[in-house]
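Subject: Structure handover

Hello,

Here is the structure I promised you. Please open it alongside this email; my notes follow below.

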Amino acid sequence: MPYEITNNKRSKSVIRVVGNTATNVTLTALSTGADETVTSAAITGIHSSTDGAWRIYRGNSTSGVLVLELFGENSLPLTQFDVVVANSSTSNLHITNSGTGGTLILTVNKEATYSPELTGI
């Protein structure tokens, strides 16, 4: 399953998934390194296309909580409407695409602990 994650320390992560797939994105994969421990992640933006359906679950399989189901083409800048998808935000993301192709781009805001913590700011 082709995918990539662009992580920004103390900021968002962007996940890009391509094709007919089923994959897990762990909270650990959203970290920039050993000094950042991601504890939760909320979906704040979605862009997608598919000839089937993208399904995003919280957990490690389709038995997790289904939080999003997307058909066709979508562009959902959720934060513009003060909305985030944070159901079970401390769980991993399990992503499937029933179509023969397509692309999914997720923006996620993450909560994390850092070592060392910033002080006096």
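Helices (H or I, at least four residues) and strands (E, at least two) are DSSP runs, numbered from the N terminus. On that basis, the protein has nine strands and zero helices. Along the sequence the pattern reads β-β-β-β-β-β-β-β-β.

Two notes on the source. This is a predicted model: local features need pLDDT of at least 70, side-chain atom pairs count only at pLDDT 80 or more, and totals for chains, interfaces and linings use all residues. Residues are numbered from 1 along each chain as its sequence is written, and side-chain values use heavy atoms, with hydrogens and water left out.

Overall form

The radius of gyration is taken over C-alpha atoms, and the globule rule is 2.2 Å times the number of residues to the power 0.38. A compact globule of 121 residues would come out near 14 Å, and the protein has 14 Å, so the two agree. Its C-alpha atoms fill a box of roughly 50 × 30 × 25 Å along the principal axes.

Accessible areas come from the Shrake-Rupley method with a 1.4 Å probe; for residues, only the protein chains shown count as cover. The accessible surface of the protein is about 6300 Å². Carbon and sulfur atoms account for 49% of that surface.

Buried means under 20% relative accessible area, exposed over 50%, and partly exposed in between (1.4 Å probe, protein chains only). Of the 121 residues, 39% are buried.

Contact means heavy atoms within 4.5 Å. Take the contacts between residues at least 6 apart in sequence: 73% of them join residues at least 24 apart.

The core

A nonpolar core is a set of buried Ala, Val, Leu, Ile, Met, Phe, Trp, Tyr and Cys residues joined through side-chain atoms within 4.5 Å. The largest one here has 21 residues, and Ile43, Ile56 and Leu104 have the most contacts inside it. At least two core residues come from each of strand 2 (12–18), strand 4 (36–50), strand 5 (53–58), strand 6 (65–71), strand 8 (93–97) and strand 9 (102–114). Strand 4 gives the most, with four residues.

Asn97 lies in strand 8. With a relative accessible area of 3%, Asn97 is buried. Beyond four places in sequence, Asn97 touches Gly19, Asn20, Thr21, Thr50, Ala53, Trp54 and Gly102.

Leu76 belongs to strand 7 (residues 74–76). Leu76 has a relative accessible area of 31%, so it counts as partly exposed. Its contacts, again beyond four places in sequence, are Thr44, Gly45, Ile46 and Leu70. Pro2 is 74 residues from Leu76 along the chain, and their C-alpha atoms are 22 Å apart.

Two loop residues to look at

Most residues other than glycine have a negative phi. Asp82 is not a glycine, yet its phi is positive, about 55°. Asp82 sits in the loop between strand 7 and strand 8. At 75% relative accessibility, Asp82 is exposed.

Ser88 is in the loop between strand 7 and strand 8. Its phi is also positive, near 50°. Ser88 is partly exposed, at 35% relative accessible area.

Best wishes
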